[in-house]
Amino acid sequence: MRIAVTGSIATDHLMTFPGRFADQLVADQLHTVSLSFLVDNLDVRRGGVGPNICFGMGQLGGTPILVGAAGYDFDEYRGWLDRHGVDTGSVRISEVLHTARFVCTTDKDHNQIGSFYTGAMSEARLIELKTVADRVGGLDLVLIGADDPEAMLRHTEECKTRGIPFAADFSQQIARMDGDEIRTLLDGATYLFSNEYEKGLIESKTGWTDAEILARVGHRVTTLGSRGVRIERVGDTPIEVACAEETAKVDPTGVGDAFRAGFLTGLSWGVGHERAAQVGCMLATLVIETLGTQEYTLRRANFMDRFKKAYGEEAATEVQSHLS
């Protein structure tokens with residue numbers, strides 16, 4: 001499968017706060033919040049949902065097509081992605097803007113407060129998917145991840161017009177989108193990705209019930225945090241997959257992106273949804289054990305040993321044949 005991943009391309013500035021955010025919040029003063037957190041660490045990492053997902057797919061042996069906009073400071077980042085199996089030939093480079101930037105602080109309970117500077121990401125709306133498809137010989141699936149809102153809408157409409165299957169994955173952009181925009185983005189999607197909180201927010205903003213949304217998409221994929229993931233389709237029994245056991249919980253940033261990378265790679269292998277979700281959960285476990293979204297190394301023997309322990313010998317045998 002030729003899978004294109006559209007989404008933000010960004011640099012992450014990740015900080016850790018040794019206390020709890022909740023201890024600093026006064027319930028009756030939330031309308032006038034003015035807080036500053038003295039943090040212990042600062043790590044500058046490569047990020048953005050598009051590259052995070054593509055990096056994971058590359059680690060699993062795929063060649064995903066990254067679609068997005070970056071700044072004139074992208075050369076080093078491009079080289080990193082190219083070396084890790086990502087096709088960056090469809091990244092638009094801005095002549096005047098910096099690559100987008102995500103600044104995030106995580107407390108001791110793994111709660112997060114983040115801010116996002118769009119920068120060159122705003123130019124993603126100028127990218128035409130037909131140009132991408134013509135360059136690579138067609139597209140089998142486009143994941144439309146969190147990006148410039150205008151770009152997300154344009155890519156969705158183009159997929160619908162050209163008959164390209166697409167996966168809707170609004171992520172953090174749900175907060176700034178209204179009901180009409182969200183309805184447009186999800187209607188007709190082959191896959192709809194969200195976490196549990198986003199699932200409720202989607203239903204609230206669209207005014208559609210869970211059943212109504214499920215009737216408008218092929219599959220609804222909901223990540224459940226430490227409880228794994230649930231995959232639903234009209235008329236089918238929901239599939240639930242548990243997380244693989246982690247050795248440590250270092251940083252949750254990028255865990256959802258890693259799940260998507262594994263799931264999409266499983267789809268490209270032609271395995272079923274349960275097996276694809278297992279691959280996604282295993283890859284997500286590697287990320288939560290690592291500081292940064294693209295700092296993990298997938299050692300295939302170790303990956304398969306842990307996968308077998310989590311999901312059984314039959315599952316491992318099927319995945320092994322593709323991973324090797």
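1. Let me start with helix H1, where Val49, Gly50, Pro51, Asn52, Ile53, Cys54, Phe55, Gly56, Met57, Gly58 and Gln59 are buried. Keep in mind as you look that this is a predicted model. Helix H1 covers residues 49-59, and since 11 of its 11 residues are buried, it is largely enclosed by the rest of the structure. After H1 comes Gly61, with a positive phi near 100 degrees.

2. Next, have a look at the second largest pocket, which holds about 180 Å³ of space. Its lining is made up of Thr11, Val44, Arg45, Arg46, Asp73, Phe74, Glu76, Tyr77 and Thr99. Two elements, strand E3 (41-47) and helix H2 (75-83), each give two or more residues to this lining. Strand E3 gives the most, with 3 residues.

3. On the surface, you will find a nonpolar patch formed by Leu25, Leu30, Val33 and Leu35. Together these residues have about 350 Å² of accessible area.

4. One of the patch residues, Leu35, sits in the loop that runs between strand E2 (10-16) and E3.

Conventions:
Residues numbered from 1 in each chain as written. Predicted model: local features only at pLDDT ≥ 70, side-chain atom pairs only at ≥ 80, totals over all residues. Heavy atoms only, no water. 1 Å grid on protein atoms, 1.4 Å probe; cavity = no way out; pocket = protein on both sides within 12 Å on 5 of 7 lines; lining within 4 Å. Points joined across faces, edges and corners; volume = space filled by probe spheres on them. Helix = DSSP H or I, 4+ residues; strand = E, 2+ residues; numbered from the N terminus. Buried < 20%, exposed > 50% of the residue type's maximum accessible area, 1.4 Å probe, protein only. Patch = residues over 30% accessible without salt bridge, like charges linked within 9 Å, V, L, I, M, F, W, Y side chains within 5 Å. Areas by Shrake-Rupley, 256 points an atom, 1.4 Å probe, with all protein chains shown as cover. Salt bridge = Lys/Arg side-chain N within 4 Å of Asp/Glu carboxyl O.
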